[in-house]
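User: I have a new structure open and I'd like to understand the words used for its parts. Could you walk me through them?

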Amino acid sequence: MSQQKQPLDPKDCVLNISLKKSSGQFFFLSKIFLNKFGQVELHGLGEATKMVAGVAESLQRKQYATIKKIETQTYTPEQGGKKIKLIAKLEITNEGKKLIEQDLQKKQPEVKQEQDW
């Protein structure tokens with residue numbers, strides 16, 4: 001079975017962070033969300049809260065976005081217990097718009113033109 005890559009088309013500005021992927025992958029995904037919506041909400045539960053903070057800080061440090069709000073909540077799963085939930089809300093910067101456009105142009109596959117001989 002071969003799977004074709006499909007372009008990512010998020011429906012809302014919420015990006016759920018987990019420990020299953022690296023922070024670099026979430027950094028890249030955040031740029032796609034920022035490009036489409038102009039903002040992104042990074043949500044993480046439990047241990048993933050560290051990654052939310054790291055991705056948000058990296059996006060701000062590299063001038064892609066500014067952190068507008070950070071909030072914590074207590075989440076109670078159906079299995080019982082309590083987990084902490086961290087939500088970081090970021091907004092794209094003018095510099096970030098330019099940087100993301102440049103990054104996405106680099107990722108686009110080049111179309112080779114056939115030459116007539």
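This is a predicted model: local features need pLDDT of at least 70, side-chain atom pairs count only at pLDDT 80 or more; totals for chains, interfaces and linings use all residues.

User: Which residues of H1 are called buried, then?
Analyst: Phe26, Phe27, Leu29, Ser30, Lys31, Ile32, Phe33 and Leu34 are buried in H1. Among the elements covering the buried residues of H1 are helix H2 (49-61), helix H3 (94-107) and strand S3 (65-75).

User: How do you know what span is expected for H1?
Analyst: The expected span is 1.5 Å times one less than the number of residues. H1 (residues 23-37) has 15 residues, and the expected value is 21 Å. From first C-alpha to last, H1 reaches 21 Å, close to that expectation. Just after H1 comes Gly38, with a positive phi of about 80°.

User: Why is S2 described as largely enclosed?
Analyst: Five of its seven residues are buried, so the rest of the structure largely encloses S2.

User: What makes S1 and S2 a pair?
Analyst: Two strands pair if there are at least two bridges between them. S1 and S2 have four bridges, in the parallel sense, so they count as a pair. One example is Leu15, whose bridge partner in S2 is Leu42.

User: And in which sense do S2 and S4 pair?
Analyst: S2 and S4 pair in the antiparallel sense, over seven bridges. Here Leu45 stands opposite Lys85 in S4.

User: What kind of unit do S1, H1 and S2 make?
Analyst: Together, S1, H1 and S2 make a right-handed β-α-β unit.

Methods: Residues are numbered from 1 along each chain as its sequence is written. Side-chain values use heavy atoms; hydrogens and water are left out. Helices (H or I, at least four residues) and strands (E, at least two) are DSSP runs, numbered from the N terminus. Buried means under 20% relative accessible area, exposed over 50%, partly exposed in between (1.4 Å probe, protein chains only). Contact means heavy atoms within 4.5 Å. A crossover is right-handed if, with the strands pointing away from the viewer, the path from the first strand over the helix to the second runs clockwise.
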